[in-house]
Amino acid sequence: MVRVDGPVRPSVIYKDIPFTENVNGEATLTDMRYEAPETLDAAVGLLAEESGVARVFAGGTDVMVQIHLDLIEPDLIVDVKNIAEMREVVEEDGSWRIGAAVTGKELMDNAAFNAAWPGVMDGVRLIGSVQVRGRATVGGNLCNASPAADSVPPMIAADAVASVIGPNGRRDVSMADIVTGPGQTSLEDGEIVVSFRLPKRPANSGDAYLRFTPRSEMDIAVVGCGINLMLDDGGTCTAARVSLGAVAARPLLVDDAANALIGTKVGDDAMEALAAAASAACSPIDDKRGTIEYRTEVAGVLAQRTAVIALERAKS
Amino acid sequence: MGRAPSPFATKIPYEEKDLKIIGSNPTARGDAVDKVTGRARYAADVKLPGQLIGRVLRSPHARANILSIDMSEAEALPGVKAVVCRNDFPDMEVEHAASGELMVNFRDVTRNMMARENVLYDGHPVAAVAATSDAIAKQAMKLIKVEYEVLPHVIDVRDAMKPDAPVLHEDQFTKGVDPKPEKPSNIAARMESKLGDIDKGFQEAEIVIEREFNTKPVHQGYIEPQASIANYTEGGMAEVWTGTQGHFVFRAQIAKLLKMDMSKVKVIPTELGGGFGGKNNVYLEPLAVVLSKKSNRPVKMVMDRDEVFRATGPTSGTNVKVKMGCTKDGRITAAQAELNYQSGAYAGSSLPLATITVFTRYDLENVSVVGHDVTTNRPKVAAYRAPGAPMVAFGVETVVDEMARECGMDPIDFRLKNAAKEGTQTHFGPKLGPIGYIQTLERAREHAHLKEKLGPNQGRGVASGFWFTLGAETSATVNIGEDGTATLIFGTVDVTGGSRSAFAMIVAEELGIPFEKVRTMSGDTSALGFNFMTAGSRGTAAGSMAAVTASRKAIARMCEIAARKWEVEPDQVVWEDGRARPAGANVGDFEPMTVAELAKEASWFGGTIAGHAEINVAQGGPGFGTHVVDVEVDRRTGAVKILRYTLIQDAGKAVYPEFIEGQFQGGAVQGIGTALNEEYIYNDKGVLENPGFLDYRVPVASDVPFINTEIVEVPNPDHPYGIRGIGEVPIIPPLPAIANAIHDAVGVRLRDHPMSPPKVLKALRDNMIEEAAVQGTAAE
């Protein structure tokens with residue numbers, strides 16, 4: 001992202017189209033306004049004042065592409081990367097707070113976080129490519145509101161809570177309640193996701209995320225599955241959260257799938273029940289990335305394979 | 001293709017001799033450094049003072065009549081300097097010409113670059129704008145009002161052939177049918193090719209297998225989108241910088257389409273960011289010239305990726321029916337095929353090439369091939385590396401695999417038993433000369449790959465491919481500098497990035513000077529005589545014939561200089577080891593002269609040293625290859641993983657073996673992508689749903705293993721160094737080889753392309769149901 005500082009040049013108005021002149025003295029359309037505030041208050045204020053289309057901008061790996069494809073034409077871009085709280089990764093008594101503008105690469109370089117939440121990192125590691133992860137953020141991955149976002153199901157499975165700020169103050173929202181549909185969130189106008197809090201990791205617990213894509217990399221999940229589970233000393237599952245991506249209009253928290261595991265030793269019968277519950281929860285669409293039939297079936301397969309990894313991690 | 005071989009075409013007989021440079025792997029590649037550092041200039045890198053940005057307004061409909069176009073608001077927008085539509089281009093009569101491996105019809109070419117009466121596919125150009133900025137050009141496009149009458153459309157080739165299908169062209173009556181059909185249809189042409197007696201062949205067969213195959217159109221996947229910049233001057237001259245596989249052909253087409261003299265159009269080919277046949281056609285060039293003429297400014301146009309997908313030619317989608325018969329001991333007695341090839345919005349698919357390649361690699365007595373060229377509401381197809389051949393190979397090589405299994409024979413042994421060889425009569429005309437197909441099979445059989453053990457759900461597949469090589473018009477100039485270094489100006493666009501290095505090696509070998517002393521560079525249309533496109537694998541094969549011819553003329557000139565200096569006759573001087581020498585002791589005792597010494601004396605003895613070639617190369621030598629692939633199938637997701645891949649091909653003579661290996665590997669990887677995940681996906685409105693590399697899934701590096709390669713060398717007898725074209729064969733076998741490997745792994749035959757996870761999973765499921773039914777019947 002190139003910083004564009006200073007005031008926007010005066011424009012001529014012609015049929016609502018703003019023009020300026022380029023270095024050759026020729027007409028050219030003005031660019032959108034770009035702001036990079038250093039405080040949350042300033043960011044909230046900028047968004048509140050904007051009457052046109054505004055976009056919060058962190059890594060820009062979705063926003064820039066959408067602008068380039070003419071899908072959006074923002075009047076205002078608010079870059080949140082200069083806001084300190086949004087860039088921190090902090091451990092507090094075993095629980096973690098991750099700034100929403102922390103990049104995937106920064107998280108990958110944080111060994112302690114990787115050890116605590118390997119399943120969340122399974123998802124983060126699958127976002128885009130090396131270059132994309134250098135800029136892309138977990139906050140952006142969530143707020144872009146794709147049902148197929150790779151870091152969202154494991155964050156839902158982890159029971160992460162988002163801290164949201166806006167014109168009416170600050171509130172906590174469960175990760176599972178933010179995305180409401182493709183490109184749609186429950187965020188109010190002018191609200192920004194500031195950070196995520198992940199709970200303290202209990203003993204004998206583990207998480208994992210797997211996705212299915214036709215290509216090995218640089219692809220969008222046809223199905224994604226995040227599972228976080230906890231065992232007692234005897235190896236019986238005492239708690240579990242199962243989240244599916246790309247099989248419905250938004251990432252799902254599937255209680256029936258979790259219940260298939262809770263109270264069992266996660267043996268063959270539990271695995272069968274898990275697959276059935278995962279498939280039953282799917283309400284996907286037929287599209288260029290997969291069919292209803294295929295997504296529904298593979299969701300069950302993937303849930304089982306994810307559970308195997310989560311179980312291994314819980315036991316180790 | 002499309003022209004008969006000329007009796008005046010050039011053949012230079014193969015000579016076996018010791019080679020100093022050809023066959024080595026020089027490190028100083030001609031193109032590498034500039035490409036790595038970013039200095040290589042592609043069309044989009046060219047900037048001219050005062051240039052405007054051009055944009056194309058495209059149809060959102062698969063098929064519609066254009067009722068009106070109102071450009072007035074766009075023209076009034078500040079910053080807009082020119083707007084053009086159909087009225088700015090002359091209509092063209094029906095006239096056919098070769099454009100790469102496919103034929104074009106100028107009446108269609110002009111309609112394809114700018115719609116006239118109607119739009120025939122999503123993305124069809126309807127207007128173009130030139131403005132002082134890209135943003136203004138985009139804004140102007142929104143102000144152009146186009147009134148459409150939307151009509152029913154047809155996307156799939158089988159649907160388009162149905163009697164009740166919407167007909168794209170009311171004036172299209174199937175050619176090749178006698179008498180002429182009464183009604184127009186989407187079947188533009190019917191082609192037939194026969195050898196022997198097909199009925200007799202099937203009577204002799206003990207095993208007959210008949211199967212139907214369907215393939216989706218696939219994209220060439222070049223990284224560089226089409227880009228052009230045109231400068232039309234007040235003097236009526238046009239200069240065009242563009243990414244092309246054939247600048248001379250583009251010059252001819254621009255001149256024809258804009259009714260200009262060819263001499264007033266200069267086309268400068270820029271570094272090419274991949275072509276694979278996709279840059280054989282003009283799209284932006286004539287629009288940029290007309291926008292430049294109208295605005296009196298240079299106009300630059302660069303397609304976005306979605307424009308590339310929506311509006312430039314992919315390869316044909318096909319429906320192929322194959323029926324073959326053999327004896328129980330594995331001798332093929334009959335080979336029959338029906339080829340239904342989708343050509344896109346206008347007639348002219350790769351059907352003729354599919355017809356040629358369908359069975360050619362087998363020595364057959366009875367062959368019957370019938371083909372249909374079918375128009376549909378998709379972009380006009382273009383060439384794609386061995387155009388037409390991978391789809392028919394999918395059918396034939398899969399049926400051959402089935403026949404081998406029925407006979408209880410190894411698939412390589414079965415192919416060896418039926419392999420084409422020198423003297424084999426092809427069903428389309430010529431007898432084959434010396435070829436290396438049998439050697440590729442024998443080398444495959446001996447390869448270490450075949451000794452690798454396979455695990456559960458893993459399988460091995462084999463398939464072979466054939467491609468002819470074009471010769472055609474080729475020109476080159478060798479200039480000897482005053483310091484004795486050489487510059488080759490070539491006119492066959494270096495689409496691979498390898499032929500310029502191969503040319504340098506060949507000129508160095510001919511002149512007897514080090515490789516580093518030869519520079520090769522591409523010449524624009526004003527620098528050389530006409531060159532046909534780099535297509536049909538001809539780039540290095542044909543280009544090197546011109547380089548040899550030009551080098552030998554420069555050598556003759558150098559011998560003449562030595563003769564004048566020594567005051568002997570030119571035929572008393574010979575060229576050996578990079579020096580002019582007296583032909584024998586009786587000529588006189590003269591010190592041999594090097595290129596540098598001769599260059600110094602050249603002026604006095606008549607002028608600068610140069611050699612030219614303007615030849616029509618007879619043929620580039622047919623190529624054959626055999627591929628072996630191991631796959632693993634995930635039975636629960638249908639995902640296919642490529643475990644191992646080995647490719648063996650006859651190159652005639654490998655000039656620069658590392659580059660040959662790169663060509664082999666690149667072709668195999670494109671073939672793997674084609675086989676597994678690539679397809680154009682249209683919705684029910686006929687709009688392309690995946691116009692980008694995110695959802696048009698070419699493989700990424702981690703999807704493919706290292707591709708093992710082996711080069712067979714059976715010299716092309718009509719080339720002085722024995723070179724054959726090699727670029728296209730490697731993409732032909734992967735599709736069937738992978739299908740055969742999947743069958744070997746999990747027992748199901750995939751006959752619908754692509755073999756993507758949902759299709760494989762469904763095939764596994766259907767197979768389980770079938771097996772259960774068979775067992776149920778058996779139990780009763």
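## Chain A at a glance

Chain A has eleven helices and 17 strands, where helices (H or I, at least four residues) and strands (E, at least two) are DSSP runs numbered from the N terminus. Its radius of gyration is 21 Å, close to the 20 Å that the globule rule gives for 316 residues, so chain A is as compact as a globular protein of that length. That radius is taken over C-alpha atoms, and the rule is 2.2 Å times the number of residues to the power 0.38. Along the principal axes, the C-alpha atoms of chain A fill a box of roughly 75 × 45 × 35 Å.

A word on what you are looking at: this is a predicted model, in which local features need pLDDT of at least 70 and side-chain atom pairs count only at pLDDT 80 or more, while totals for chains, interfaces and linings use all residues. Residues are numbered from 1 along each chain as its sequence is written, with chains lettered from A and ligands numbered from 1 in the order in which they are written.

Of the 316 residues of chain A, 47% count as buried. Here a residue is buried if 20 or more other C-beta atoms lie within 10 Å of its own, exposed if 12 or fewer, and partly exposed in between, with C-beta atoms placed from the backbone. Among contacts in chain A with a separation of 6 or more, 63% come from residues 24 or more positions apart; two residues are in contact if their C-beta atoms, placed from the backbone, lie within 7 Å.

## Domains of chain A

The domain assignment gives chain A domain 1 (12–79), domain 2 (87–198) and domain 3 (205–315); such bounds come from an automatic or database domain assignment. The centres of domain 2 and domain 3 of chain A, taken over C-alpha atoms, are separated by 20 Å.

Where these two domains of chain A meet, 24 residues of domain 2 are in contact with 26 residues of domain 3. On the domain 2 side, helix H5 (118–125), helix H8 (152–157) and strand E11 (179–181) of chain A each supply at least two residues. The residues of that side divide into 16 nonpolar, five polar and three charged. For these classes, Ala, Val, Leu, Ile, Met, Phe, Trp, Tyr, Cys and Pro count as nonpolar, Asp, Glu, Lys and Arg as charged, and the others, Gly among them, as polar.

## A four-stranded sheet in chain A

Chain A holds an open sheet of four strands in the order E14-E15-E16-E17, with antiparallel pairing. Its edge strands are E14 (205–212) and E17 (252–253) of chain A, each pairing on one side only. Two strands pair if DSSP finds at least two bridges between them. Eight bridges join the antiparallel strands E15 (residues 223–231) and E16 (residues 237–245) of chain A, and A:Gly226 has A:Ser243 in E16(A) as its bridge partner.

In the loop between E16 and E17 of chain A sits A:Ala246. Its phi is near 70 degrees, a positive value in a residue other than glycine. A:Ala246 counts as buried because it has 29 C-beta neighbours inside 10 Å.

Chain B is divided into domain 1 (32–40 + 471–617), domain 2 (43–153 + 224–304) and domain 3 (446–457 + 622–769). The C-alpha centres of domain 1 and domain 2 of chain B lie 38 Å apart, and 15 residues of domain 1 of chain B are in contact with 18 residues of domain 2 of chain B.

Strand E25 (residues 610–617) of chain B has a covered face of B:Gly611, B:Ala613, B:Ile615 and B:Val617, and an uncovered one of B:Ala610, B:His612, B:Glu614 and B:Asn616. E25(B) pairs with strand E19 (residues 472–480) of chain B in the antiparallel sense over eight bridges. B:Ala613 in E25(B) is the bridge partner of B:Ala476.

## Around helix H18 of chain B

Helix H18 (residues 734–746) of chain B has 13 residues and reaches 18 Å from its first C-alpha to its last, close to the 18 Å expected at 1.5 Å a residue; the expected span is 1.5 Å times one less than the number of residues. H18(B) is mostly covered, with 13 of its 13 residues buried. Just after H18(B), B:Gly747 takes a positive phi of about 80 degrees.

Further on, B:Pro754 lies in the loop between H18 and H19 of chain B. A cis peptide bond, with omega about -5 degrees, joins B:His753 and B:Pro754.

## Where the chains meet

The contact takes 24 residues from chain B and 23 residues from chain A. Helix H4 (134–143) and helix H19 (757–779) of chain B are the elements that give two or more residues to the chain B side.
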